[in-house]
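Here's a quick tour of a protein chain, meant to be read with the picture open beside you. Take a look at it before reading on.

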Amino acid sequence: MSQPKTYSPVIEVKNITHLLQMLRFEDMQNTGSQELPPGQCVVLERFVGKENVSEPNLNFGLAEVVGSVQYEINFTQADVGKTIYYRCCYISTQGKKSPWSKTLTVVIV
């Protein structure tokens, strides 16, 4: 059984193309790794809305459990020009979560 992490993954956008964003989750204690820490997955939450939404007003949803360091998000034409807000945390095999990451904000193209 794996213990929950005491820190969050770092989330970054590796590639942005029309209607697609490729995300990467980096383990700040093992940078450059091509794998998530043993016994951990990532919970990714996102919110699509207008720009400059303050943290307390972000209604995160669309939670997904991700089992790899890279993850692809697809959008529709209706999303173009909107802003997406991402945050993530580790989740252990016991279902315990790490702290949440800083929020990443990206415009959808």
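The notes below go through the sheets, the aromatic rings, the cores and a few residues in loops and strands.

Keep in mind that this is a predicted model. There's an open sheet of 4 strands and another open sheet made of 3 strands. A search of the whole structure turns up 2 aromatic pairs, and the largest nonpolar core has 18 residues.

**The four-stranded sheet**

- Go across this open sheet and you meet its strands in the order S4-S3-S6-S7, with antiparallel pairing.
- Which strands sit at the edges? They're S4 (61-66) and S7 (104-107), and each of them pairs on one side only.
- Neighbouring strands here are turned by 25° against each other on average, ignoring direction.
- Strand S6 covers residues 83-92 and runs antiparallel to S7, with 4 bridges joining the two.
- To find this pairing in the picture, look for tyrosine 86, whose bridge partner in S7 is leucine 104.
- As background, strands of a sheet pair through backbone hydrogen bonds, and they can do that in a parallel or an antiparallel way.

**The three-stranded sheet**

- The order in this open sheet is S1-S2-S5, and the pairing is antiparallel.
- Its edge strands are S1 (10-17) and S5 (70-74), each pairing on one side only.
- From one strand to the next, the twist averages 25°.
- How many bridges link S2 and S5? There are 5 of them, and S2 (residues 20-26) pairs with S5 in the antiparallel sense.
- One spot to look at is leucine 23, which has tyrosine 71 in S5 as its bridge partner.

**Aromatic rings**

- A pair of aromatic rings is described by two things: the distance of the centres and the angle of the planes.
- The whole structure has 2 such pairs. One of them is tyrosine 7 with tyrosine 90, an edge-to-face pair with 6.0 Å centre to centre and 85° between the planes.
- This pair links distant parts of the chain: tyrosine 7 is in the segment before S1, tyrosine 90 is in strand S6, and they're 83 residues apart.
- Are these two tyrosines buried or exposed? Tyrosine 7 is buried, and so is tyrosine 90.
- Phenylalanine 47 and tyrosine 85 have ring centres 5.9 Å apart and planes at 40°, so this pair counts as tilted.
- That pair also links distant parts of the chain, with phenylalanine 47 in strand S3 (residues 40-49) and tyrosine 85 in strand S6, 38 residues apart.
- Why does tyrosine 85 count as buried? Its relative accessible area is 3%, and anything under 20% is called buried.
- A ring can have a charge over it too: the charged end of arginine 87 sits over the ring of tryptophan 100, 4.1 Å from its centre.

**Nonpolar cores**

- In soluble globular proteins, nonpolar side chains tend to be buried together.
- Within the largest nonpolar core, the residues that touch the most other members are Ile11, Leu23, Phe25, Val42, Leu44, Phe75 and Tyr86.
- Which elements give two or more residues to this core? They're S2, S3 and S6, and S6 gives the largest share, with 4 residues.
- Phenylalanine 75 touches Leu19, Leu20, Gln21, Ile84, Tyr86 and Ile108, if you leave out residues up to four places away in sequence.
- Another core, of 5 residues, lies apart from the largest one, and its members include Phe47, Val53, Phe60 and Tyr85.

**Asparagines and a leucine to look up**

- Asparagine 52 is in the loop between S3 and S4. Its phi is near 60°, a positive value in a residue other than glycine.
- Asparagine 52 has a relative accessibility of 69%, and over 50% is called exposed, so this residue counts as exposed.
- Leucine 62 is part of strand S4, and its phi is positive as well, near 50°, again in a residue other than glycine.
- Is leucine 62 buried or exposed? At 54% relative accessibility, leucine 62 counts as exposed.
- Asparagine 59 lies in the loop between S3 and S4 and is exposed, with a relative accessible area of 60%.
- From asparagine 59 to glycine 49 is 10 residues in sequence and 9.5 Å in space, C-alpha to C-alpha.

Key. Residues are numbered from 1 along each chain as its sequence is written. This is a predicted model: local features need pLDDT of at least 70, side-chain atom pairs count only at pLDDT 80 or more; totals for chains, interfaces and linings use all residues. Side-chain values use heavy atoms; hydrogens and water are left out. Two strands pair if DSSP finds at least two bridges between them. Axes are lines fitted to C-alpha atoms, for helices over the stretch in contact, and angles run from 0 to 180 degrees between N-to-C directions. Rings of Phe, Tyr and Trp (its six-membered ring) pair if their centres lie within 6.5 Å; planes under 30 degrees apart count as stacked, over 60 as edge-to-face and the rest as tilted. Buried means under 20% relative accessible area, exposed over 50%, partly exposed in between (1.4 Å probe, protein chains only). A charge sits over a ring if NZ of Lys or CZ of Arg is within 6 Å of the ring centre and within 35 degrees of the ring normal. A nonpolar core is a set of buried Ala, Val, Leu, Ile, Met, Phe, Trp, Tyr and Cys residues joined through side-chain atoms within 4.5 Å. Contact means heavy atoms within 4.5 Å.
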